[in-house]
Amino acid sequence: FSQMGDPIELKDEGNKHFQASEYDKAAESYTKAIQLCKDKKVLAILYRNRAACYLKKENYAQAATDASKAIDVDASDIKALYRRCQALEKLGKLDQAFKDVQRCATIEPKNKTFLDTLRRLGAEIQGKLKTQFSTDSRVQNMFDILFDEESDKDKKEKAANNLIVLAREDAGAERIFQNNGVALLLQLIDTNKTEMILAAIRTLSGMCTGHKARATAIVHLVGIAKLCSLMAVDHEEIALATCNLFQCIYDSLSGEDKREHGKEEALVLDTTKDLKAIMIALLDMVTSKKVSGHGRDQALNLLTKNVPRTNKKSPDNSKTIFTIDHGLKKILKVAGQVPDLPDQLPMTENTQLIASILLNKLYDDLRCDPERDNYREICEEYIKSKFDPNDMDKNLHAIQTVSGLLQGPFDVGNKIVGMQGVMEMMVALCGSEREIDQMVAVEALIHASTKMSRATFIITNGVSLLKDIYKKTKNEKIKIRALVGLCKLGSAGGDDYSMRQFAEGSTEKLAKQCRKWLINPNIDVRTKKWAVEGLAYLTNDADVKDDFVEDEAALKAMFELSKSTDKTILYAVACTLVNCTNSYDKKEIIPELVQLAKFSKQHVPEQHPKDKKDFIEKRVKRLLKAGVISALTCMVKADNAILTDQTKEMLSRVFLALSEDPKDRGTIVAQGGGKALIPLALEGTETGKTRASHVLAKITACSNPEIAFPGERIYEVVRPLVSLLNTERDGLQNFEALMALTNLAGMSEKLRVKIIKEKALPEIENYMFEEHDEIRQAATECMCNLVVCKDVQERYMEDGNDKLKLLILLCGEDDDRLQRAAAGGLAMLTAAQKKLCTKMTLVTSQWLEILQRLCLNDNVEIQHRGLVIIYNMINADKELAKKLIECELLEILTVIGKQEDNPKKQNVIDVARACLVSAMELGLIKPYS
């Protein structure tokens, strides 16, 4: 016992810790004592005391438990009762807290604390009941209005919106749920009126958001089948709203939505069954004929978003394996639909592209070769099973599926093209009499020739085939597709002028034909899309780019297409724009290596004369004039599944090329480019995000940010800018980001706080040490605008760093702009924090010499800032003032102060005089009589 410690001694030790506000140690002592104690009464005291510790530590649930254990021993333990009351109140259990304090007041009727608490809790409970009843009645009232046939449209709309808003708050969602809301919402859905259905779905979304228990209950009350049937409706808005509801449910059940709910945490809900059921239901929707095109798109989108791992470091890709085992063939079926054949699944223009993207994401999420082999084998087996010499439609479906794979996981598609019989089938279909056969075969050929190495095989086999089709067919649709195939094969050399596949001038002819189709009003959108695909390849050639940007009608037609509902065109438009602006990555050509290559008879890439800088600038101006910015902003708004990271990166590259000339940045802002850049800078590939952030920096640095990014949007710009303050970014990006942040930091305190919150300060300080003059100056100017902020001032007050020393030494540099920024920062710091005036004299021995140089500077602005620092120091500390007046500074101040008034230098003269007046008031100098 003596070795273990005595419970009474441990209790006393705990009391001492408690009085010293060391609540962790106190709780530890009480816990040890509880483990050793056998006496019930002492145990009750120990629990009561530990409850007090937990109250102080704000661990209210534990405090209530401990207080209850003390009350179990002695029901009239007044301290334990009151502590439990405090804990319960904090946990929101007001009625139970009220009962405890009622017992306390009965035992000690004259205790003021108990009576006050009793009154306060009573009032709170009344208020809570009142709002509860009013919320309940409001919920009921809203449903009454919605079900009332007599209610007018506006009233119903308002009630529906109120219901949606109420469901977004946890308390409101709970009231709707408790008041039989789910059943009533199902009745609303059954009215079959679009507005009612949308209101009900959106209300359910609010109720499911961030609440696992409620989401689980709603899934069981509504039923997954019912939700799927809603999403299957042929109505874009309803399908999208249901997709959003599914996403809210999925996030809550899978724990993606991390909100905590006190009471609910205690329930351990196993949601794996529900999540699996949702998965299976979505896969069934993919191939169901009862599902509309919009519904199919949303089912595929949900799978794309929720199946592959968001974090590739996580080892668990079981959802992907499950989807491949149970649904890969279903997704392949969608990819292989031929819309022009009878009896196909209902689809939108985007369905098959979304299916290809999903196929690609599933393949990318596989972790090892056996998993990839299994994926490929399922695809091969599926395509082989479709080949049938007696059924042309089945063969078509097989080749269309290959096309889908080539647009998704290219490696898998590529392997399948090499499979025995596939290429032969494509050739046979090309020679068929049926238009649809030729169309599918040509499209597959086009997709198969994406990679240069593969294209060589197709150049030998495919070019003659495509030329034949192009010459013989009377059908424009097939003509265009054959042409795109030729374009693609013709551009296999990229922008290398010496690697042109076709005879001189034939690429321009092909491009001219594509432009004609683009502006032809009689051709359908799907076919025009192929004309843009053709240009995406042909614009590798600089002659084609130059002709294309001169053709304003064709440019405008392409921009209009990019705004249409068919979003599968985005990639081709983005490719074309990247080519026209030359914003792709260019390999640096080293002259010595070129000589070496020529000597060893190796191939040397050549630049086309029209790919030189002045030609590119002209093309950019033409694109801006034709309205490229409004097309880009429209493209950025596309659905995330279709706007892939690669497409986003290309759009960012185009924006960067368009913003090179500062005169054009106003046009970009005026046409909504600023708003479109923020999402591009926040998500996508690393290169894409960096490019978009750089454009934001260029715009913010040289325009009024309040106009470029109105309202709250201005705060969203800070993070992309801070991401450019990184040693991996190049010097220009660092410099322009610092300039942009300087502009923002000079605008408002809220923006300065946001910059500090994004952890920009250490980076800005690092750049103040930079050897590059302009970067160092930009960082110092940024810091000069930030020192107004309390947090920054505190960093300069801390000991053990050279921040203040650096600022003083920068005041002594020869560069005027750098000196001005550093002196400005120092003047503001010494005005705000008097301690820094003394600290200045301790951090470097050169302080006095530097100050004298500032006060004698030819630049009036720098001189003024130097004198303000002197003025702050004289008024901060008498000893310091004495030190300053005893040196040459007095002479400098006197010479400046005695000058005649001069409007150009008046503020300098005034500060010098103010310094002399302060010195006189301190009795350091006498007035000259």
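How many of the 12 residues of H31 are buried? In this predicted model, the count is 11 of the 12, so helix H31 is largely enclosed by the rest of the structure. The helix covers residues 570-581 and reaches 16 Å from its first C-alpha to its last, close to the 16 Å expected at 1.5 Å a residue. Its buried residues are Leu570, Ala572, Val573, Ala574, Cys575, Thr576, Leu577, Val578, Asn579, Cys580 and Thr581. The packing partners of these buried residues are helices H28 (525-538), H29 (542-550), H30 (552-562), H33 (613-626), H34 (628-636) and H35 (645-658). Just after H31, asparagine 582 adopts a positive phi of about 50 degrees.

The largest nonpolar core comprises 265 residues, and those with the most contacts inside it are Tyr375, Leu518, Leu632 and Tyr796. With neighbours within four places in sequence left aside, tyrosine 375 is in contact with Ile324, Leu328, Leu359, Leu362, Tyr363, Leu366, Pro409 and Val412. Another core, of 36 residues, lies apart from the largest one and includes Leu46, Cys53, Ala87 and Leu94. In soluble globular proteins, nonpolar side chains tend to be buried together.

A buried polar residue was also examined. Threonine 117 is located in helix H7, which spans residues 112-147. The relative accessible area of threonine 117 is 5%, and because buried means under 20%, this residue is classed as buried. A polar atom of its side chain lies 2.8 Å from the backbone oxygen of threonine 113. When residues up to four places away in sequence are not counted, threonine 117 touches Tyr82, Cys85 and Val101.

Methods: Residues are numbered from 1 along each chain as its sequence is written. This is a predicted model: local features need pLDDT of at least 70, side-chain atom pairs count only at pLDDT 80 or more; totals for chains, interfaces and linings use all residues. Side-chain values use heavy atoms; hydrogens and water are left out. Helices (H or I, at least four residues) and strands (E, at least two) are DSSP runs, numbered from the N terminus. Buried means under 20% relative accessible area, exposed over 50%, partly exposed in between (1.4 Å probe, protein chains only). A polar contact is a pair of N or O atoms within 3.5 Å; within protein, one must be able to donate a hydrogen and the other to accept it, and residues adjacent in sequence count only if both atoms are side-chain atoms. Contact means heavy atoms within 4.5 Å. A nonpolar core is a set of buried Ala, Val, Leu, Ile, Met, Phe, Trp, Tyr and Cys residues joined through side-chain atoms within 4.5 Å. The expected span of a helix is 1.5 Å times one less than its number of residues.
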